[in-house]
Amino acid sequence: MFSIVILSWNNLPYLRLCVESLRRDSQRQHQILVQVNDGSDGTRDGIAREGIEHTASGVNLGICFTVNLAASRARTDYAMCTNDDMLAAPGWDAALELALARVTMQPMFMLSGTMIEPVDTGNRCVVVADCGREPAAFDLERFSATLRAHARAGWLGATWPPR
């Protein structure tokens, strides 16, 4: 259904958790594309061994170029972008598919999700819940059990969309 571009900057443990969440918590099959920037920590070799489709650069080329580089390999009508330190929630793709059905008649649109972070930094676009601050400490049960408690009425997502 979607081509998922994951940007990675030497974060192999986070990247593995991200890909695992997409595989576990998706209701459909999606194309996963990783853009490895630098990769000196073994990220490029690690995802190659796992058979994950990827593009790579020996240096950090910046977000715009790297998103476009990976997205150029998309095989679906819709592409989405995430970072290696983000996770998918259960049913994320079904919810996105429903939202997509409501906006596809618009010539341009943007959809975003809500970020859940462990520390309150004053960002009103973020839900605060500490489910672990590193991959080895991530508490999947707490994350899954508390998702519904973080719903906000009339919420537009993790960012303020362009008007």
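Analyst: A salt bridge here is a side-chain nitrogen of Lys or Arg within 4 Å of a carboxyl oxygen of Asp or Glu. The model is predicted, and a search of the whole structure gives 6 salt bridges.

One of them pairs R24 with E20, at 3.1 Å from N to O. Both residues belong to helix α1 (residues 12–25), where they sit 4 residues apart, about one turn of the helix. R24 is partly exposed, at 35% relative accessibility, and E20 is partly exposed as well, at 42%.

Another salt bridge joins R28 and E97, with 2.9 Å between the closest N and O atoms. R28 is in the loop between α1 and β2 (31–37), while E97 is in helix α4 (residues 92–103), so this pair ties together parts that are 69 residues apart in sequence. The relative accessibility of R28 is 45%, which counts as partly exposed; E97 is partly exposed with a relative accessible area of 26%.

R133 and D130 also form a salt bridge, their closest N and O atoms being 2.9 Å apart. R133 is exposed, with a relative accessible area of 54%, whereas D130 is partly exposed at 32%. As for shared partners, salt bridges link E20, R24 and D25 into one network.

Disulfides are another matter: the search of the whole structure finds 0. C18 is in none, and the nearest cysteine sulfur, in C81, is 10 Å away. C18 is buried, at 2% relative accessibility. For C81, the closest cysteine sulfur is that of C64, at 9.9 Å, which is too far for a bond.

Notes
Residues are numbered from 1 along each chain as its sequence is written. This is a predicted model: local features need pLDDT of at least 70, side-chain atom pairs count only at pLDDT 80 or more; totals for chains, interfaces and linings use all residues. Side-chain values use heavy atoms; hydrogens and water are left out. A disulfide is a pair of cysteine sulfur atoms within 2.5 Å. Buried means under 20% relative accessible area, exposed over 50%, partly exposed in between (1.4 Å probe, protein chains only). Helices (H or I, at least four residues) and strands (E, at least two) are DSSP runs, numbered from the N terminus.
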